[in-house]
Amino acid sequence: MSERTLVVGGGLAGLLAARRHQRAGHRVVLLEAGDPVGGAIADVRIARDPDDGSTSTDPAAQLVLNAGAEAYSIGSGAVDALVAELGLAEQVVSPREGLSSRVVSAAGVHRAPGGSLLGIPGRPLAADVRAVLGLRGALRASLERLLPASVGARPGATVAEVVRTRLGAAVLERLVAPVVGGVHSADPATLEFAAASPQLSAGLAEHGSLVAAVRQLRGRSTGTAGTRVHTLAPSLAALPAILQEQFLAAGGIVRTSVEATAVHHDAPGWRVRTASGETLEADHLVLACPPDTAHDLLTAGLGEQSGDPTGQQPEGPTGQPRDTTGTVARIASAIPQTPSAPVRLVVLVLDAPALDSFPSGTGALVAPGTAGVRAKALTHASAKWAHVQHAAREAFPSAESPHVVRLSFGRPGEELPDPAGIVDLALADASRILGAALSREQLLAAHVIDWERAMRQPRPGHRAALDALTAVLGEEPSLELVGSWRAGTGIDAIVRADAALSP
């Protein structure tokens, strides 16, 4: 009889783990507390205006937009290879050519320097870098290659410590902080550098310079990081959808709206108890959930088995204590409790001819403390993606110039803007960033999306904690812990981490 695998969590990491175990010949059941699967890869559908006078019955005319992750990095090629294997190659879309992104700071709105990584420029004296940093800031950054590799690179150092020490305050505040805030939803003063970019951390050790490491990693590319991506049409939600479809077709089972409350290790197998009181058994267990949830599930099981919260275990049928307070307890205590940052997204559909020239290219990242702007990032989705512009025209045919703009709010330590006034706030921020007056009169539709726990913020010591966790997990091969908190930020990191676990 084939082995049984139970996956708790239906985000991308959970779906990939379910697929991997199924391909290994296991019988796999996936549990997801919410509905549907996909986690932060989701879409929102905005219906056609019923009063626009159109007689079209084309169902594709509704506006389908990414409600979470909107693209994936193509640097490693791992996600492109996966989507091709899944049969989605024809749905892959590249950003519109010839556009770059912007960075907004106290220095104003500028083109984001090309050939950079995590905001760190590979050519500090290039004209686009000088425009943002000023000549003094650019000269300070250019001296970084003269510093010993050890300067600022202590184990567990934060992004702010490394970048300020090696490249200067201007690079940190005007280039790196916007990326860290907009992409990682984190504060560079608390985000561990090695966790934020393992590539740059390793590159600094290898090349002795961050600038040299960026040049090596980016090669001859002069495009901004926001253009070195792909997405899927009509939205990235096609990726978890096809993973679920193929998993089910191969005999897998997906159960949504099922919340796990405790996991028990009865060597050699596992039992998972749900909120409804059901118990499921498996030979292998995959916890594809946030680190705090994984910790709570394991410790809840220990407490229930012992009958008290100390985890003292009574003897089993053979007279030997069951392995609950041993390896499982060490695994639970080794899980780093990486805090999350809530994010509030606002999608604006506007009839705005002033945006036809794509004044901020594909969008912008905003430095913390920038006067007059509360948003941390803006994506001009209909500029970045031609298929989004086409879909907006189909969904709102009476509009002269429909545009889709998405703004992101939520910095660590800040309260999210009040939902009651956030659309007006988004209009004001978009006006400032895009350099065009945008008003309620131009608003065709708006949608607000909250993500409470999607973005994790690795603190100093995170990489060392993950190494320690990996070591203790090696003592219990029937248990896996997967997710972005281990793999790193982004779809590419999750896909590569899963591929590394494949036989």
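Modeller: Happy to! Let's start with two residues, Glu70 and Lys384, which are both buried in this predicted model. Their side chains meet in a salt bridge, with 2.7 Å from N to O. This pair ties together distant parts of the chain: Glu70 sits in the loop between β4 (63-66) and β5 (72-73), while Lys384 belongs to helix α12 (residues 381-384), 314 residues apart.

You can find another buried pair in Glu144 and Arg166. Here too the side chains form a salt bridge, at 2.7 Å from N to O. Glu144 lies in the loop between α3 and α4 (159-167), and Arg166 is in helix α4, 22 residues apart, so this pair also counts as a link between distant parts of the chain.

Now turn to Arg271, whose side chain meets that of Asp266 in a salt bridge of 2.3 Å, N to O. Arg271 is partly exposed because its relative accessible area is 24%, which falls between the cut-offs of 20% and 50%. In total, the structure holds 17 salt bridges.

For the contrast, look at Leu135 in helix α3 (residues 127-142). With a relative accessible area of 53%, Leu135 is exposed, because the cut-off for that word is over 50%. Together with Leu125 and Leu139, Leu135 forms a nonpolar patch on the surface, and the three share about 280 Å² of accessible area.

Key. Residues numbered from 1 in each chain as written. Predicted model: local features only at pLDDT ≥ 70, side-chain atom pairs only at ≥ 80, totals over all residues. Heavy atoms only, no water. Patch = residues over 30% accessible without salt bridge, like charges linked within 9 Å, V, L, I, M, F, W, Y side chains within 5 Å. Areas by Shrake-Rupley, 256 points an atom, 1.4 Å probe, with all protein chains shown as cover. Salt bridge = Lys/Arg side-chain N within 4 Å of Asp/Glu carboxyl O. Helix = DSSP H or I, 4+ residues; strand = E, 2+ residues; numbered from the N terminus. Buried < 20%, exposed > 50% of the residue type's maximum accessible area, 1.4 Å probe, protein only.
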